[in-house]
Amino acid sequence: MRPLLSVEDLSIGFGKDNPVVRNVSFSVAAGETLAIVGESGSGKTISCRAILRILPRAARLDCGRMILAGNGADGDLDLAQISERQMRHVRGNRIAMIFQEPMRSLSPLHRIGNQVSEVLHLHGRCSEAEARQQVLDCFERVGFPDPERTWRSYPFELSGGMRQRAMIAMAMVAKPELLIADEPTTALDVTTQAQVLGLMKELQQETGMAMILVTHDLGVVANMAEQVVVMHKGRVMEAGAAEPILRAPAHPYTQDLFHAAPKIPQEPAARRETGTEGPDKDLILELKHVTKTFTLRSGKSWSKPTLVRACEEVDLELPRGTTLAIVGESGSGKTTAARIALGAETVDPGGEILFRASPGADPLRVHDMDRAARRAFQRQAQMVFQDPYSSLSPRQRILDTLSEPLEIHGTGSRADHRDRAAEMLGLVGLPTDMLTRFPHAFSGGQRQRLSIARALMLDPKLLVCDEPTSALDVSVQEQILSLLEEIRDARQLSYLFISHDLAVVARIADEVAVMRRGMIVEQAPPEVLFHDPKHPYTKALIAAQPVPDVDRPINLKLVAQGAGAPENWPEAFRFAGQDAPPLVPLDPGHKVRCHV
Amino acid sequence: MEILRYAIYRFGTMLLTLLLVSVLVFCIINLPPGDFLSNQIAELRATGQEAGVAKAEFLRREYALDKPLWQQYFIWMGLLPGPHGFSGMVQGNFGWSFEFDRPVSEIVGDSLWLTVLVNLAAVLFVYLVALPLGVLAAAKSRTMIDYTAAFIGYLGLATPNFLLALILFYYGHQYLGLPIGGLMAPEYEGEPMSWEKVRSILIHLIVPTFVIGTSGASAMMQRLRANMLDELGKPYVETAVAKGMRPSRMLMKYPLRVAFNPFVADIGNLLPAMVSGSVLVSVVLGLQTIGPVLLQALKSQDMFLSGFVLMFVALLTLIGTMISDVLLVLLDPRIRYESRDT
């Protein structure tokens, strides 16, 4: 069959530099999905933007043809050659695009209905009333329960998943022949991602459009694509039908990508010996009955403030030398729990956080510290942040960044600081001659190593890692996780590990607590949790995780049930309102929130 | 309805603020030691003109200047009965100018609305110039158009206003036959309003508007350009382009709407800056606005006059801020919905 769009020999450069995309060719046929896979800097995004010619102003198309097959009236078009005027007729009309960040890809000041129906007006398809009807139908199709209401809504009134649905509606309303989706689900929670991917697939089957899906996630590829192009540093590494490539990648780079992709293991892995069994456990950190209520004040001083429970009756125990992971989607309260554990957030009366710096020591009451105790505690407990790009000051040399904690706590001389900084750089696998450089000289993975080094400067006993790998490419993510494991075992560190990513957690944690809306719904060691999940929400999380295996597609039914309202959960777990059942131990070490 | 309630609420806070301002203004005009009359009495005594002293003493009693300061304030505001019952700001009696020996309202009468007129013209000028130029400079950033606009803008910022005024008067008169100084031809002063008078005023307004507005316009233009450039990098702009919008329409509909907020929020700041900034210009240009009156009144400690002028400027500012607040709420749904229960 003749392809709908065929890109041949595309090269894109910036200024006088060498091209960032070199001789890339791919094609996509109607009704087919092509996935362009690559890590950051691979040129995947810029290649797909070149199709619509929405490139940064400094970019130039060096060579190449992009032939869009004619439809009836029009002949074939070379998108690289046609005038801006003709291009505008293609954009949004014949080729539509969905962007990565649904939060920012819609104008904050215009109503959703206005923004979506604009596509139809722009291409002069129909009258005002017809356009409105079409848009409302489209809203209904992409899963808005009340299309009229959505029409009147502003983007900030919708959740991330709903905004992405609005974006999809905007792209689909003109019934394009080709849809380009640039990391459409990367910014979304897993369960939302699964539903959005499912929706896109359904829509494609209904309309028979072609789709180009740009992604870094091989799991998404396995679920969506018929064709794959693997890109690396602006070149195509491997291309062809998805199934054979996913089953047996030929190119070494594709193999590396596969190897690095974190997976939820199918076979129970051998349990790491932590030496923490037995009745008298040596706990470094204990959270007891921790509840945190935030008060949202509305703009009017006379109306009653809203109370939000970020954490509700959270009980957690972290044995020394192990990793406790808290998993949850956005708004689950996992970050609040981490901040509470560090004493950065107060708790409602009745909650207790106990910290023991050494085995058998008197517990430090983290929720109730004076200044001196807080200083001492800060030396023992440190944090690794999510975004290595914004958590390092761009104006400080690495040496200054690393020695700052020592200066604050007034220990040692400048020479000591330097030695210590050099030692820590070595520990995280960076050459020590980098001390005098600035953060911008480092890649994302190196920066995350730096922030780990900074956290280790004071020789803490407890490290709180808040999504330390979620901003990184998969291959780098793998390295950082290995590094964290090595350091934990070498230095007898204990981690409180916050993540939304089950696969990451499956690999590093000794104990996993799944949180939903401030409550722990299930808690168990990973090998138990991932192979014998009891709670529908845990099942949904696991089912929603895309795995790079064509034989294990996402089970949308499980996702929809578990991620939905608690009223629709199976009998044993069901509850309404605030009436949640207690967290009960089903087996030793496996707690589930259910009616017994 | 929501917006109406907000406007009423905002009007209420404005009145409260105005009350606070009146206290401040009263304190400020009483800060220098003595007052116009006590200075005058001392002077008269020194030169032995006892007859004048009696009149001044009479005025002191007449305007309650012999009472304690807090009573003076309330009498000035018209919240307490003075020697002639309730007669103060609230009742519309703005007091007596000792310097000019006439009621304040008579002195400022004409200059009040002329001030409003000149400043409105200047604000309009600022917006009409800054809006298209700022958008253009942002859309064509890093091109000759951008650089030229920036150059002219900085020239406008850097040139002292009075100098600009003199230059414009000279060349405007020489080549375009524009009148020099004043806000109307002398023969219309004190005359009732007529078409001829309006025409004369409009022609006289050209140079002052330009002079007072230039620096504000260039500052505003630069700010709008920076805001627009910020917005142009946002993903929703890309979304709009990917829909197939024409660049000009896209600019107007999306980034400009967002970049417009600071633009609107500035209305409140623009007014007082212009009134106080235009004092010197008004003196140089011979405009019968309130600026020169304020200057004179402050110099001679003519307290009721300066007090009234300060209150008037404060009122202009507060009205400006109120207008911009209400407009912002109208323009930006995010602000609108924040004050609503969710």
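The dialogue below treats helix packing, domains, the contact of the chains and confidence.

Student: What kind of model is this, and what ipTM and pTM does the predictor give the complex?

Tutor: The model is predicted. The predictor assigns the complex an ipTM of 0.79, together with a pTM of 0.82.

Student: Why are H1(B) and H14(B) called roughly antiparallel?

Tutor: Helix H1 covers residues 2–29 of chain B and helix H14 covers residues 303–331 of chain B; their axes cross at roughly 155 degrees. Angles over 145 degrees count as roughly antiparallel. H1(B) and H14(B) are therefore roughly antiparallel to each other. Their axes come within 9 Å, and the crossing is right-handed. The contact of H1(B) with H14(B) has 20 nonpolar, 4 polar and 2 charged residues.

Student: What makes H6(A) and H7(A) roughly parallel?

Tutor: Helix H6 of chain A, residues 160–172, packs against H7(A) at an angle of about 15 degrees. Angles under 35 degrees count as roughly parallel, and H6(A) and H7(A) are therefore roughly parallel to each other. The axes of H6(A) and H7(A) are 10 Å apart, and H6(A) passes H7(A) in a right-handed crossing.

Student: Which residues make the contact of H6(A) and H7(A)?

Tutor: From H6(A), the contributors are A:Gly160, A:Gly161, A:Gln164, A:Arg165, A:Ile168 and A:Met172. From H7(A), they are A:Thr192, A:Gln195, A:Val196, A:Leu199, A:Met200 and A:Leu203. By class, this contact of H6(A) with H7(A) divides into 6 nonpolar, 5 polar and 1 charged.

Student: Into which domains is chain A divided?

Tutor: Domain 1 of chain A comprises 1–94 + 178–260, domain 2 comprises 105–175, and domain 3 comprises 283–532. The C-alpha centres of domain 1 and domain 3 of chain A lie 37 Å apart.

Student: How do you know that domain 1 of chain A touches domain 3 of chain A?

Tutor: Two residues are in contact if their C-beta atoms, placed from the backbone, lie within 7 Å. The contact takes 9 residues from domain 1 of chain A and 7 residues from domain 3 of chain A. On the side of domain 1, helix H7 (190–207) and helix H10 (252–260) of chain A are the elements that give two or more residues. H10(A) gives the most to that side, with 3 residues. The residues on the domain 1 side divide into 3 nonpolar, 3 polar and 3 charged.

Student: How many residues of chain B are in contact with chain A, and which elements of chain B give two or more of them?

Tutor: In chain B, 20 residues are in contact with 26 residues of chain A. The elements of chain B that give two or more residues are helix H9 (235–242), helix H11 (255–265) and helix H15 (333–338). H9(B) supplies the largest share, 6 residues. By class, the side of chain B that touches chain A has 8 nonpolar, 3 polar and 9 charged residues.

How values were computed: Residues are numbered from 1 along each chain as its sequence is written. Chains are lettered from A and ligands numbered from 1 in the order in which they are written. This is a predicted model: local features need pLDDT of at least 70, side-chain atom pairs count only at pLDDT 80 or more; totals for chains, interfaces and linings use all residues. Axes are lines fitted to C-alpha atoms, for helices over the stretch in contact, and angles run from 0 to 180 degrees between N-to-C directions. Helices (H or I, at least four residues) and strands (E, at least two) are DSSP runs, numbered from the N terminus. Angles under 35 degrees count as roughly parallel, over 145 as roughly antiparallel, 65 to 115 as roughly perpendicular and the rest as oblique. A crossing is left-handed if the near helix is turned anticlockwise from the far one by less than a right angle, and right-handed if clockwise. Ala, Val, Leu, Ile, Met, Phe, Trp, Tyr, Cys and Pro count as nonpolar, Asp, Glu, Lys and Arg as charged, and the others, Gly among them, as polar. Domain bounds come from an automatic or database domain assignment.
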